[in-house]
Amino acid sequence: MTYISGWAARGARQKLEPYSYDAGPLGLEEVEVAVEYCGLCHSDLSILNNEWGLTQYPVIPGHEAVGRIVAMGDRVKSLKIGQRVGIGWNVNSCMHCHECLTGAHNLCSKAEPTIIGHHGGFAERVRAHWIWAIPLPATLEISSAGPLLCGGITVFAPLITFGVKPTDRVGVVGIGGLGHLALQFAHAWGCEVTAFSSNLAKAEEARGFGAHRIVSSRNSAEILKVANSLDFLLVTVNTPLDWTSLLKTLRPNGRMHVVGAVLEPLAIPAFELIMGQKTVSGSPTGGPAVMATMLDFAARHHIAPQVQHFPLNKINDAIAHLAAGKARYRVVLDHVDRTDFGVRSI
């Protein structure tokens with residue numbers, strides 16, 4: 001039997017505890033990765049607390065894992081032992097449906113999330129199909145790379161999917177874990193960038209991330225001052241806002257794209273869509289090819305999350321820190337040189 005040790009929750013809103021599980025034999029197309037760093041994402045909190053009704057306990061969270069391959073099946077292609085890779089929201093997909101064959105593996109109906117029915121990266125090791133183990137550019141800062149594998153791809157993929165141009169004017173709603181990365185990507189993409197934030201104390205930081213203009217997301221009058229000015233509006237928050245006013249910021253043929261998991265239905269006025277020929281859409285993460293492109297782009301333009309580090313054995317402190325809204329702007333768990341499981345980084 002092959003045991004992997006990690007930190008698991010056995011029920012909703014329970015603290016994580018040391019936990020070992022039998023991972024079974026390694027699949028022919030699987031790799032096993034010794035985790036060095038793993039980001040802590042708000043989606044981990046949602047899974048821990050079963051906010052989406054999908055959690056299977058006990059669960060080891062962590063879907064922004066960075067580490068080196070220590071074992072691989074006989075049918076693994078392109079990768080090698082010792083190579084540093086990243087694993088994001090998914091660890092597998094069917095590889096033969098229309099979505100997989102066209103590169104949209106993340107939209108596969110049989111895609112396997114890293115932390116739903118599968119144990120994630122808050123562990124000494126994590127497994128994935130080799131296609132979902134994304135090689136990391138050598139020039140990328142490894143200790144802060146983890147959040148790019150979920151937060152980064154979530155805000156980067158829409159730029160490609162919807163053909164955002166360097167000449168476009170882009171708005172980013174929410175300057176948090178997703179939004180601070182979206183500002184950096186949109187700025188490096190060449191766009192004029194407007195940041196919408198409920199906390200104007202973040203204005204200088206937002207400008208540092210690439211925003212040219214700051215607008216209060218809680219003040220409808222301020223939002224309406226930038227009406228008819230944006231081509232693309234990326235919503236990264238998970239809270240209800242004045243959607244009518246935000247839609248008015250779009251120019252004709254503009255798009256409001258939602259990547260924040262807003263649980264309440266969005267109140268969208270039909271006439272605002274019809275008269276301006278506007279679009280509202282949403283998306284999850286991205287496929288492996290787009291993830292690789294995102295990592296290359298981030299390395300080339302020196303885009304990195306602003307992170308706070310916690311040692312893995314302080315995982316419950318890290319979760320409390322994130323849940324209290326204190327993260328600036330992403331949290332990373334350090335596995336390197338830890339002795340929690342008697343395992344050293346390779």
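The legends below describe close-up views of aromatic rings and a cavity in a predicted model.

**View 1. Phe162 and Phe232 form a tilted aromatic pair.**
A search of the whole structure finds 8 aromatic pairs. In the pair shown here, the ring centres of Phe162 and Phe232 lie 6.5 Å apart and the ring planes meet at 35°, so the pair is classed as tilted. Phe162 has a relative accessible area of 28% and is partly exposed. Phe232, with a relative accessible area of 3%, is buried.

**View 2. Phe209 and Tyr329 form an edge-to-face aromatic pair.**
The distance from centre to centre is 5.4 Å, and the angle between the planes of Phe209 and Tyr329 is 80°. This pair also links distant parts of the chain, its members being 120 residues apart. Phe209 lies in helix 5 (residues 203-209), and Tyr329 lies in the loop between helix 10 (315-323) and strand 17 (330-334). Phe209 counts as buried because its relative accessibility of 11% is under the 20% cut-off. Tyr329 is buried as well, with a relative accessible area of 4%.

**View 3. The charged end of Arg328 sits over the ring of Tyr329.**
The charged end of Arg328 is 5.6 Å from the centre of this ring. The ring of Tyr329 is also the one that pairs edge-to-face with Phe209.

**View 4. Four aromatic residues form one cluster.**
The members of the cluster are Phe156, Phe185, Trp189 and Phe297. Phe185 is also one of the residues that line the second largest cavity, which is the subject of the next view.

**View 5. The second largest cavity has a lining of nonpolar residues.**
Rolling a probe the size of a water molecule over the atoms shows where empty space is left. The structure contains 2 cavities of 30 Å³ or more, and the second largest cavity holds about 40 Å³ of space. Val155, Leu159, Val170, Val172, Ala182, Phe185, Ala186, Phe232 and Leu234 form the lining of this cavity. Helix 3, strand 10, helix 4 (179-189) and strand 13 each give two or more residues to the lining. Helix 4 provides the largest share, 3 residues. By residue type, the lining comprises 9 nonpolar residues, no polar residues and no charged residues.

Note on methods:
Residues are numbered from 1 along each chain as its sequence is written. This is a predicted model: local features need pLDDT of at least 70, side-chain atom pairs count only at pLDDT 80 or more; totals for chains, interfaces and linings use all residues. Side-chain values use heavy atoms; hydrogens and water are left out. Rings of Phe, Tyr and Trp (its six-membered ring) pair if their centres lie within 6.5 Å; planes under 30 degrees apart count as stacked, over 60 as edge-to-face and the rest as tilted. Buried means under 20% relative accessible area, exposed over 50%, partly exposed in between (1.4 Å probe, protein chains only). Helices (H or I, at least four residues) and strands (E, at least two) are DSSP runs, numbered from the N terminus. A charge sits over a ring if NZ of Lys or CZ of Arg is within 6 Å of the ring centre and within 35 degrees of the ring normal. On a 1 Å grid over the protein atoms alone, a cavity is a set of points where a 1.4 Å probe fits but cannot get out, and a pocket is an open set with protein on both sides within 12 Å along at least five of seven lines; lining residues have an atom within 4 Å of a point. Grid points are joined across faces, edges and corners, and a volume is the space filled by probe spheres set on the points. Ala, Val, Leu, Ile, Met, Phe, Trp, Tyr, Cys and Pro count as nonpolar, Asp, Glu, Lys and Arg as charged, and the others, Gly among them, as polar.
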